[in-house]
Amino acid sequence: LLSEANFHRSRDKITILSGSGVLVPGTVLGKITASGKYKPATATGSDGGQTAAAVLLYPVDATSADVEVAAITRDAEWIVSQLTYGATIDDDTKKAAARTQLAAVGIIAR
């Protein structure tokens with residue numbers, strides 16, 4: 001995290017979807033439309049998780065259960081080299097698209 005809004009306004013408590021596995025800080029997350037839960041953003045799909053919407057702040061293990069954790073969801077800057085992407089976001093074009101999606105919610109990769 002490079003910077004965030006005053007008084008932790010950039011942060012929200014979110015739920016990582018069970019089955020997402022072990023995630024590290026900086027993981028780019030997509031929000032599932034039906035449940036409001038998050039998972040590592042994907043390059044394709046139709047559940048909402050294909051749109052980058054947040055960045056994970058702390059490590060979590062959501063292998064076998066949902067996990068509540070803090071994430072950056074707005075008004076912040078993140079160091080681009082510290083972002084981690086899901087397995088399907090595997091080339092520079094897909095990574096750039098995810099960063100553009102993050103910018104749309106006010107998370108700027110620098």
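Let's start with a salt bridge: the side chains of Glu77 and Arg110 meet at 2.4 Å, N to O. The term here covers a side-chain nitrogen of Lys or Arg within 4 Å of a carboxyl oxygen of Asp or Glu. Glu77 sits in strand E9 while Arg110 belongs to the segment after strand E10 (107-109), so this contact ties together parts that are 33 residues apart in sequence. Arg110 counts as exposed, at 54% relative accessibility. On that scale, exposed is over 50% relative accessible area, buried is under 20%, and partly exposed lies in between (1.4 Å probe, protein chains only).

A word on what you're looking at: this is a predicted model, in which local features need pLDDT of at least 70 and side-chain atom pairs count only at pLDDT 80 or more, while totals for chains, interfaces and linings use all residues. Residues are numbered from 1 along each chain as its sequence is written, and side-chain values use heavy atoms, with hydrogens and water left out.

By the salt-bridge rule, the count comes to 8. Another of them brings Arg9 together with Asp75, at 2.7 Å from N to O. This pair also links distant parts of the chain, with Arg9 in the loop between strand E1 (3-4) and E2, Asp75 in the loop between E8 and strand E9 (76-78), and 66 residues separating them. Both ends are partly exposed: Arg9 has 47% relative accessibility, and Asp75 has 33%. Then there's Arg11, which forms a salt bridge with Glu4, their closest N and O atoms being 2.8 Å apart. Here Arg11 is partly exposed at 23%, and Glu4 is partly exposed too, at 24%.

Now for the strands, which, like helices, are DSSP runs numbered from the N terminus (H or I, at least four residues, for helices; E, at least two, for strands). Two strands pair if DSSP finds at least two bridges between them. E2 (residues 11-16) and E8 (residues 67-72) pair in the antiparallel sense over 6 bridges, and Ile16 stands opposite Val67 in E8. E8 is also joined to E6 (residues 52-56), again antiparallel, by 2 bridges; there, Leu56 has Ala71 as its bridge partner.

Finally, take a look at helix H1 (residues 92-104), where you'll find Gln101. This glutamine is partly exposed, with a relative accessible area of 25%. Leaving aside neighbours within four places in sequence, Gln101 is in contact (heavy atoms within 4.5 Å) with Gln50, Thr51 and Ala52. As for Arg9, Gln101 is 92 residues from it in sequence and 19 Å from it in space, C-alpha to C-alpha.
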